[in-house]
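Open the model in your viewer and keep the selection panel at hand.

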Amino acid sequence: MIHYAIAKVFGPIFFGRGFCGWACWTAAFLDWLPIAENKPVPKKYTFIRFPVFAISILIPYIFIAKGYDFMHTHIYENLGKYDQLIWFLVGNGIYYVLAIPLAFIFKKKRAFCKIICPVSLVMKVPSSIALLRMEPSKKECIECKLCDKNCPMDVNPMKYIKEGKKITSTECILCDNCKNICPVGAIK
Ligand code: SF4
Ligand code: SF4
Ligand code: SF4
């Protein structure tokens, strides 16, 4: 709950989806995959996140309704089949089992983030009012589109920068790729 509060619910009011860009252990592994391409994920697939989110809420609800005592069953105690540690490992295992093939199928390391990750939907809400944003510098954009091609989250940063606007998309994970690749330093 502490992790969720800081990284995913209240923290994003300040640093948006910085957790996704800098701290997520799933994405850390995905970023190492040997995939050179960064193809945009077709928008129709990004809606799969919504039923996944509903299922991810439903599963714990069913077990709690069936009498699972999450307040008193602690990690390292009762390593039975419903133990929290096993849930944690199984949950993360499911992430990797889905995320690695998706990255190769869609030729995009973070395809999982765009298509499946239910947590992204939680973070998008507070991120909509985030204080920290990528923004245009005083240098003029030459419309080379390198930022668009290298954005891992298909944000299309050029659209914002060209118009002199901050990048307000809740898909932006503040990874700095666009800033680092820009040949004229138009993004800060
Ligand atoms: S969208 Fe999900 S998997 Fe991707 S970086 Fe964010 S929390 Fe991690
Ligand atoms: S490349 Fe830029 S716009 Fe895209 S996610 Fe990273 S910081 Fe945000
Ligand atoms: S990389 Fe820089 S110059 Fe090129 S389109 Fe993006 S903001 Fe403009």
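**Stop one: Asn-38**

Select Asn-38: this residue is partly exposed, with a relative accessible area of 25%. Keep in mind that the model is predicted. Asn-38 sits in the loop between α4 (25–30) and α5 (49–65).

Which residues does Asn-38 touch, leaving out those up to four places away in sequence? Select Lys-107, Lys-108, Lys-149, Asn-150, Cys-151 and Pro-152 and you have them.

Show side chains for Asn-38 and Lys-108. A polar contact of 2.7 Å joins these two side chains.

For a sense of scale, pick the C-alpha atoms of Asn-38 and Ser-128. The two residues are 90 apart along the chain, and the distance between those atoms is 25 Å.

**Stop two: the whole chain**

Zoom out and switch to cartoon. The protein has 11 helices and zero strands. Read from the N terminus, the order of elements is α-α-α-α-α-α-α-α-α-α-α.

Turn the model along its principal axes. The C-alpha atoms fill a box of roughly 60 × 35 × 30 Å. Colour by accessibility next: of the 188 residues, 37% count as buried.

Then look at how the chain contacts itself. Take contacts between residues at least 6 apart in sequence. Of these, 70% join residues at least 24 apart.

The contact between them takes 22 residues from domain 1 and 14 residues from domain 2.

How much area is buried between domain 1 and domain 2? The value is about 1400 Å², with 46% of that area coming from carbon and sulfur atoms.

**Stop four: polar links across the interface**

Stay at the boundary between the domains. The rule finds five salt bridges across the interface of domain 1 and domain 2. The same interface holds 16 residue pairs in polar contact, both residues at pLDDT 80 or more.

Now select the domain 1 side. α3 (18–22), α7 (111–115) and α8 (119–127) each supply at least two residues of the side that touches domain 2. Of the elements, α3 gives the most, with four residues. Colour this side by class: 10 residues are nonpolar, five are polar and seven are charged.

Next, select Arg-17 and Glu-171. Their side chains meet in a salt bridge, at 2.8 Å from N to O.

**Stop five: Ser-169**

The Ser-169 side chain reaches the backbone nitrogen of Glu-171 at 3.0 Å. Ser-169 is in the loop between α10 (157–162) and α11 (177–181).

Is Ser-169 buried or exposed? Ser-169 is buried, because its relative accessible area is 17% and the cut-off for buried is under 20%. Asn-38, at 25%, counts as partly exposed.

Finally, show what surrounds Ser-169. Leaving aside neighbours within four places in sequence, Ser-169 is in contact with Val-155 and Tyr-160.

Terms used
Residues are numbered from 1 along each chain as its sequence is written. Chains are lettered from A and ligands numbered from 1 in the order in which they are written. Side-chain values use heavy atoms; hydrogens and water are left out. Contact means heavy atoms within 4.5 Å. Buried area is the accessible area (1.4 Å probe) that two parts lose on being put together, summed over both. A salt bridge is a side-chain nitrogen of Lys or Arg within 4 Å of a carboxyl oxygen of Asp or Glu. A polar contact is a pair of N or O atoms within 3.5 Å; within protein, one must be able to donate a hydrogen and the other to accept it, and residues adjacent in sequence count only if both atoms are side-chain atoms. Ala, Val, Leu, Ile, Met, Phe, Trp, Tyr, Cys and Pro count as nonpolar, Asp, Glu, Lys and Arg as charged, and the others, Gly among them, as polar. Buried means under 20% relative accessible area, exposed over 50%, partly exposed in between (1.4 Å probe, protein chains only).
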